[in-house]
Amino acid sequence: MFFSILNSPIGQMVIEASEYEICAIGFPAELPLENPNELSEMAKEQFREYFEEKRKHFDFPMSQAGTDFQQKVWDELRRIDAGKPISYAALAKRMKNPLAIRAIASANGRNNLMIAVPCHRVIGSNGDLVGFSAGLWRKKWLLEHEAKMTSIGQSTLAF
């Protein structure tokens with residue numbers, strides 16, 4: 001495995017890659033030794049552009065292990081536009097499976113490719129920030145960053 005580390009506005013982000021794809025993105029308490037490859041450095045540059053408000057989407061190769069249902073949820077997460085968070089109920093409705101809110105939330109929580117697969121864009125039905133393994137303060141920062149970057153709505157979201 002290969003690792004690149006980015007000093008981002010929300011902490012040191014670790015980008016884990018195989019020879020062929022990005023496998024995990026996160027903010028671990030303990031950092032691995034940096035051992036980059038071309039792919040992890042490509043992803044690092046795309047994240048740098050994202051944090052500099054120059055990029056809204058990521059196009060590096062990525063993959064994570066999961067069930068067919070989890071893969072469908074993660075694919076749908078990538079269709080949520082930056083600056084336009086939606087609720088778990090709305091996501092379930094978009095997936096034509098309105099009774100699967102809890103299963104969708106569970107799949108969302110198992111996402112290992114945070115930000116690139118934007119699980120942070122899913123919020124509670126009442127607008128509350130809920131569930132983000134990297135911390136709700138990071139989720140809030142990301143949502144406010146994307147609102148500012150896209151000039152959609154408020155520059156600071158009221159949560």
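Is lysine 44 buried or exposed? At 12% relative accessibility, lysine 44 counts as buried, where buried means under 20% relative accessible area, exposed over 50%, and partly exposed in between (1.4 Å probe, protein chains only).

## Ground rules

Keep in mind that this is a predicted model, so to speak of local features a pLDDT of at least 70 is needed, side-chain atom pairs count only at pLDDT 80 or more, and totals for chains, interfaces and linings use all residues. Residues are numbered from 1 along each chain as its sequence is written, and side-chain values use heavy atoms, with hydrogens and water left out.

Let's start with the strands. Helices (H or I, at least four residues) and strands (E, at least two) are DSSP runs, numbered from the N terminus. Three strands make an open sheet in the order 1-2-3, with antiparallel pairing; two strands pair if DSSP finds at least two bridges between them. Strand 1 (2-8) and strand 3 sit at the edges, each pairing on one side only. On average, neighbouring strands here are turned by 20° against each other, direction ignored. Axes are lines fitted to C-alpha atoms, for helices over the stretch in contact, and angles run from 0 to 180 degrees between N-to-C directions.

Seven bridges hold the antiparallel pair of strand 1 and strand 2 (residues 11-17), and asparagine 7 has glutamine 12 in strand 2 as its bridge partner. Helix 1 packs on this sheet, touching strand 1, strand 2 and strand 3, and its direction makes about 15° with that of strand 1. Strand 2 and strand 3 form a hairpin with four residues between them. Strand 3 is mostly covered, with four of its five residues buried.

## Salt bridges

Now for the charged pairs. A salt bridge here is a side-chain nitrogen of Lys or Arg within 4 Å of a carboxyl oxygen of Asp or Glu, and the count comes to 10 salt bridges. One of them brings lysine 44 together with glutamate 34 (3.5 Å, N to O). That pair links distant parts of the chain: lysine 44 is in helix 1 (residues 38-51), while glutamate 34 is in the loop between strand 3 (22-26) and helix 1, 10 residues apart. Glutamate 34 counts as partly exposed, at 42% relative accessibility.

Another bridge runs between glutamate 53 and lysine 148, with the closest N and O atoms 3.5 Å apart. These two are 95 residues apart: glutamate 53 is in the loop between helix 1 and helix 2 (68-77), and lysine 148 is in helix 5 (residues 136-150). Glutamate 53 counts as partly exposed, at 35% relative accessibility. Within helix 5, lysine 140 and glutamate 144 lie four residues apart, about one turn of the helix, and their closest N and O atoms are 2.8 Å apart in a salt bridge. Lysine 140 is partly exposed at 30%, whereas glutamate 144 is buried at 15%. Salt bridges that share partners also join Glu49, Arg55 and Asp59 into one network.

## Histidine 120

Where does histidine 120 lie? Histidine 120 is in the loop between helix 4 (101-109) and strand 5 (122-123), and it is buried, with a relative accessible area of 0%. Leaving aside neighbours within four places in sequence, histidine 120 is in contact (heavy atoms within 4.5 Å) with Tyr50, Ile115, Phe132, Lys139, Leu142, Leu143 and Glu146.
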